[in-house]
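Here is a friendly briefing to keep beside you as you look around this protein. Have the viewer open and follow along topic by topic.

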Amino acid sequence: MAVRVGVLGATGAVGQRLIQLLEPHPAFEIAALTASESSAGKTYGQAAKWRVDSPIPEEIAEMTVTATDPDEVPDDVDLLFSSLPSSVGSAVEPAFCEDGYVVSSNSSNSRMADDVPLVIPEVNAEHLDLLEVQRDERGWDGALVKNPNCSTITFVPTLAALAEFGLERVHVATLQAVSGAGYDGVTSMEIIDNAIPYIGSEEDKLETESRKLLGEFDGASLTHDEVEVAASCNRIPTIDGHLENVWVETEDDLSVDDAADAMRAYPSLDLRSSPEQLIHVFDEPDRPQPRMDRTLGDGMAIAAGGLRESTFGLQYNCLAHNTIRGAAGASVLNGELLLENGYL
Ligand code: 11C
């Protein structure tokens, strides 16, 4: 029988992607949709300006949206996917966990909390065991699991693939699509014929989340990896797909061929939303590109290319679909991991 799930923040850009990915899904069935007070009581079709690239599912359009409040969500819903704004999520997600719901969240609050697993299943699935610590400390029947920021998800799997060479220092510069800023970002005219060399708190997220993801969990506590990461983040006029330029310095010698082999061989999982090949490595110097490569593996794969040896170690570019692999798909994958590990 399918697990009954809800989407918190269902009318936003990531909420809509969540619905697109979950309708249909073999293991999950959407049974609750929440949004802000102004949408509560409306049908989803009335409340949401549907903008994703497939028609709104009819049965979803007819569902009634409720306020984002544990009392409004049916008790037989087991798993909640959260795409709430961070300020709302920080207050509301713990209330749902206290009420017994398992929350797989894309919201940026609490990602760095010591007892909150921040997970990319292919990179650090074992960090999910941190939930035992979380339950002991917080006394929750529910659980809170986070996926990282979309730019972090784009480059960390490539670092994980190179970890065997001893990661020492990483520089990353991002070229981020406007959909990362939600629908206001997509419609904003200030990005046309422009590039904006600032995305609020994004650089800090790449630098800190990456070290937590690559860290070691010993069964009681998590030690963050010591790799030094410096990030520079930029908004460019692309709709979907974050492209990143990465320089990696390693302890051991790392040739272009070794790096390409390690990335290609880095395993995917057999969760339902896992791509067959996690990291695609292009030999062409002008790939990956957002429009050409963001839908690899149904938007769940990562593309890399432009590998070369530079003064600052190995240099390459990587790319992922920011609202699928980097957000909604990441939360769904974590939901599938929770199911696989008996948390639902
Ligand atoms: C952007 N990466 O492109 C941001 C959006 O931490 O989940 C996602 C923010 C986050 O603007």
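In which hand does H1 pass H12? The crossing is right-handed, a term that applies if the near helix is turned clockwise from the far one by less than a right angle, anticlockwise being left-handed. Please keep in mind that this is a predicted model, in which local features need pLDDT of at least 70 and side-chain atom pairs count only at pLDDT 80 or more, while totals for chains, interfaces and linings use all residues. Residues are numbered from 1 along each chain as its sequence is written, and side-chain values use heavy atoms, with hydrogens and water left out.

- The protein is split into domain 1 (3-148 + 327-340) and domain 2 (150-322), with bounds that come from an automatic or database domain assignment.
- Taken over C-alpha atoms, the centres of domain 1 and domain 2 are 24 Å apart.
- Domain 1 brings 37 residues to the contact and domain 2 brings 37 residues, where contact means heavy atoms within 4.5 Å.
- About 2800 Å² is buried between domain 1 and domain 2, and carbon and sulfur atoms give 66% of that area; buried area is the accessible area (1.4 Å probe) that two parts lose on being put together, summed over both.
- On the domain 1 side, Arg-51, Met-112 and Glu-122 lose the most area to domain 2, together 22% of what that side buries.

**H1 against H12**

- Helices (H or I, at least four residues) and strands (E, at least two) are DSSP runs, numbered from the N terminus.
- The axes of H1 (residues 13-22) and H12 (residues 324-340) come within 9 Å and cross at roughly 55°; axes are lines fitted to C-alpha atoms, for helices over the stretch in contact, and angles run from 0 to 180 degrees between N-to-C directions.
- H1 and H12 are therefore oblique to each other, given that angles under 35 degrees count as roughly parallel, over 145 as roughly antiparallel, 65 to 115 as roughly perpendicular and the rest as oblique.
- From H1, the residues Val-14, Arg-17, Leu-18, Leu-21 and Leu-22 meet Ile-324, Ala-327, Ala-328, Gly-329, Ser-331 and Val-332 of H12.
- Sorted by class, this contact of H1 with H12 holds 8 nonpolar, 2 polar and 1 charged residues (Ala, Val, Leu, Ile, Met, Phe, Trp, Tyr, Cys and Pro count as nonpolar, Asp, Glu, Lys and Arg as charged, and the others, Gly among them, as polar).

- H7 (residues 150-162) and H9 (residues 202-213) have axes that come within 9 Å and cross at roughly 45°, so the two helices are oblique to each other.
- Their crossing, H7 with H9, is right-handed.
- H7 supplies Ser-151, Thr-152, Phe-155 and Val-156 to this contact, and H9 supplies Glu-202, Lys-205, Leu-206, Glu-209, Ser-210 and Leu-213.
- The residues of the H7 and H9 contact divide into 4 nonpolar, 3 polar and 3 charged.
- The axes of H7 and H10 (residues 256-265) come within 8 Å and cross at roughly 115°, and H7 and H10 are therefore roughly perpendicular.
- H7 and H10 also make a right-handed crossing.
- Here Thr-158, Ala-161 and Leu-162 of H7 meet Ala-259, Ala-262 and Met-263 of H10, a contact with 5 nonpolar, 1 polar and no charged residues.

**Backbone spots to check**

- Most residues other than glycine have a negative phi, and most peptide bonds are trans.
- Glu-23 and Pro-24 are joined by a cis peptide bond with omega about 5°, and Pro-24 is in the loop between H1 and strand S2 (28-35).
- Another cis peptide bond runs from Arg-287 to Pro-288, with omega near 5°; Pro-288 is in the loop between strand S12 (279-281) and helix H11 (290-293).
- Ser-110 has a positive phi of about 65° although it is not a glycine, and Ser-110 is placed in the loop between strand S5 (102-105) and helix H5 (121-124).
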